[in-house]
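This briefing covers overall dimensions, nonpolar cores and salt bridges. Please read it alongside the structure shown here.

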Amino acid sequence: MPLTLTRSDLLQQQNFINGRWCDGIGSTRHEVADPATGAAFASVPDSGAADAQAATAAAQAAFDGWRALPARDRARFLKRWNALIVANTEDLAKIISREQGKPLAEARGEVAYGSAYVEWFSEEAVRTYGEIIPEQVRGKKMMATREAVGVVAAITPWNFPLAMIARKIAPALAAGCTVIAKPAEDTPLTALALVKLAEEAGIPPGVLNIVTSSREKVAEVVGAWLADSRVRKVTFTGSTAVGKHLARESAGTLKRLSLELGGNAPFIVFDDADLDAAVGGLMAAKFRNGGQTCVSPNRVYVHHAVYAEFAQRLSARIEALRMGPASREDSQIGPMINSRAVDKIESHVQDALARGGKLLLGGKRVRNNVADGPNYFAPTVIAEANHDMALASEETFGPVVALFRFSDEEEVLRLANDTPFGLAAYFYTRDIVRVSRVAERLQTGIVGINEGALASEAAPFGGVKESGYGREGSSHGLDDYMQTKYQCQGGLA
Ligand code: SIN
């Protein structure tokens, strides 16, 4: 089915460097496929090191002019960009759905979510206050000012192709940094459309640059940025393995890093929980984007006293989910992003069943009609999960709910924290004293308390342990793109 947009010019298929749309310096291209069918429907440059370096040169040249602009002027550019994002919601949602697979209603929600970050940082741009330090020695004035870190490389994931790049570019531009971006190889088109709107908002040439590449060439593009001392910061959302690689490789030029990495979130249902609220919260957290979300619960711990009842109410809700292509308005779960993702989900399910898990629902790939490709996986519930299973230690990133049993608070806290990851955790209880005790002891950057929907531009999003460092959103989201300068002026006595 052709991708019909109100504005066909939003379907950009070139790099954008120094204010110009251009092909890659080599002539090879990389195809973009629809996850629902596996069929290619667009292509973008398969860029290499030379393209990456051209983008860096443009961003470096634009940096002095951009950071010198009054904060209010930078804010105005962001406001104009946001107005264009909002005005083009429907086209952006169609592009997201086509290349990423999420249902249209969810894609519209993602546009609103990403736009909220641009709006938020357009407001924060004018509040990058410093400090006047009270006089310590007569005749000396001391100040701490905040300034932009420099050129920022933004490397973004495929699961939220609009929101994740928006929440990196917006604070970077607000702080006065310039940006070189590389969107995920599966989903470059949404990012290119966003950049097209940034161009239309009048953001000056070189301030925002983007290059695309295939999975095979990504190491060349990112490698060129990691080795380049002009790039002062890398911001990345993706796997812990890649995050560690970026940390190692950027050490040579001591770049600042923001790493939003893998999750494997625990979701705990205590025996005093409101079970319907807990089921609702789990549905929201688990099935957002078909489970392909880094804060998606992977380990659901349910107190043995409510285990059977919870499993039954949850399975009834999951059974009612409608799976289908993104283009169908009533779809609630689309295809997974690609066949590698489905292979991983399938291997986690098979491993769990081989290690004593009991299949309550789903458990296999599905094809609803002949046009469906191989990327649909049925929403799945596995009971009697245990910590020998692969899904207890690795993110599944799919629509699989694994139900573990527990007996007491101490035990469940030990199990929940028994992971190298520390992004998000959730728990449901009506005991007010337990709320603060458990929230404090969970080793994660984000805690949902009787709540499954945590995402907000106004909140600091990020992890601890091997889920990374740095925060996105809120006033903290701007700090990651700024450095502190101490100025000491003497001779004033
Ligand atoms: C992610 O999956 O990386 C982010 C999800 C969110 O913003 O909630």
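Predicted model: local features only at pLDDT ≥ 70, side-chain atom pairs only at ≥ 80, totals over all residues.

Residues are numbered from 1 along each chain as its sequence is written, and side-chain values use heavy atoms, with hydrogens and water left out.

**Overall fold**

- The protein chain has 15 helices and 20 strands, where helices (H or I, at least four residues) and strands (E, at least two) are DSSP runs numbered from the N terminus.
- The radius of gyration is 23 Å, close to the 23 Å that the globule rule gives for 493 residues, so the protein chain is as compact as a globular protein of that length. The radius is taken over C-alpha atoms, and the rule is 2.2 Å times the number of residues to the power 0.38.
- The C-alpha trace spans about 75 × 60 × 40 Å along its principal axes.
- Of the 493 residues in the protein chain, 57% are buried (buried is under 20% relative accessible area, exposed over 50%, partly exposed in between; 1.4 Å probe, protein chains only).
- Among contacts (heavy atoms within 4.5 Å) with a separation of 6 or more, 74% are between residues 24 or more positions apart.

**Nonpolar cores**

- A nonpolar core is a set of buried Ala, Val, Leu, Ile, Met, Phe, Trp, Tyr and Cys residues joined through side-chain atoms within 4.5 Å.
- The largest core has 69 residues, and those with the most contacts inside it are Ile268, Phe310, Leu314, Ile318 and Leu403. Helix H9 (residues 275-287) contributes the largest share of this core, seven residues.
- Leaving aside residues up to four places away in sequence, Ile318 touches Met283, Phe287, Leu361, Pro379, Val381 and Val401.
- A second, separate core has 63 residues, including Leu84, Tyr113, Ala166 and Val207.

**Salt bridges**

- Side chains of opposite charge can pair when their charged atoms come close.
- A salt bridge is a side-chain nitrogen of Lys or Arg within 4 Å of a carboxyl oxygen of Asp or Glu; by this rule there are 33 salt bridges.
- Glu147 and Lys485 form a salt bridge at 3.0 Å, N to O. Glu147 lies in strand E6 (residues 141-148) and Lys485 in strand E20 (residues 482-489), so the pair ties together parts 338 residues apart in sequence. Glu147 is partly exposed at 24% relative accessibility, and Lys485 is partly exposed at 36%.
- Arg167 pairs with Glu472 in a salt bridge whose closest N and O atoms are 2.8 Å apart. Arg167 is in helix H5 (residues 163-175) and Glu472 in the loop between strand E19 (468-469) and helix H15 (476-479), 305 residues apart. Arg167 is buried at 1% relative accessible area, and Glu472 is buried at 7%.
- Glu309 and Arg313 form a salt bridge with closest N and O atoms 2.7 Å apart. These two residues are separated by about one helical turn because they are four residues apart in helix H10 (residues 307-319). Glu309 is partly exposed at 36% relative accessibility, and Arg313 is partly exposed at 27%.
- Salt bridges that share partners join Asp271, Asp272, Glu409, Arg434 and Arg437 into one network.
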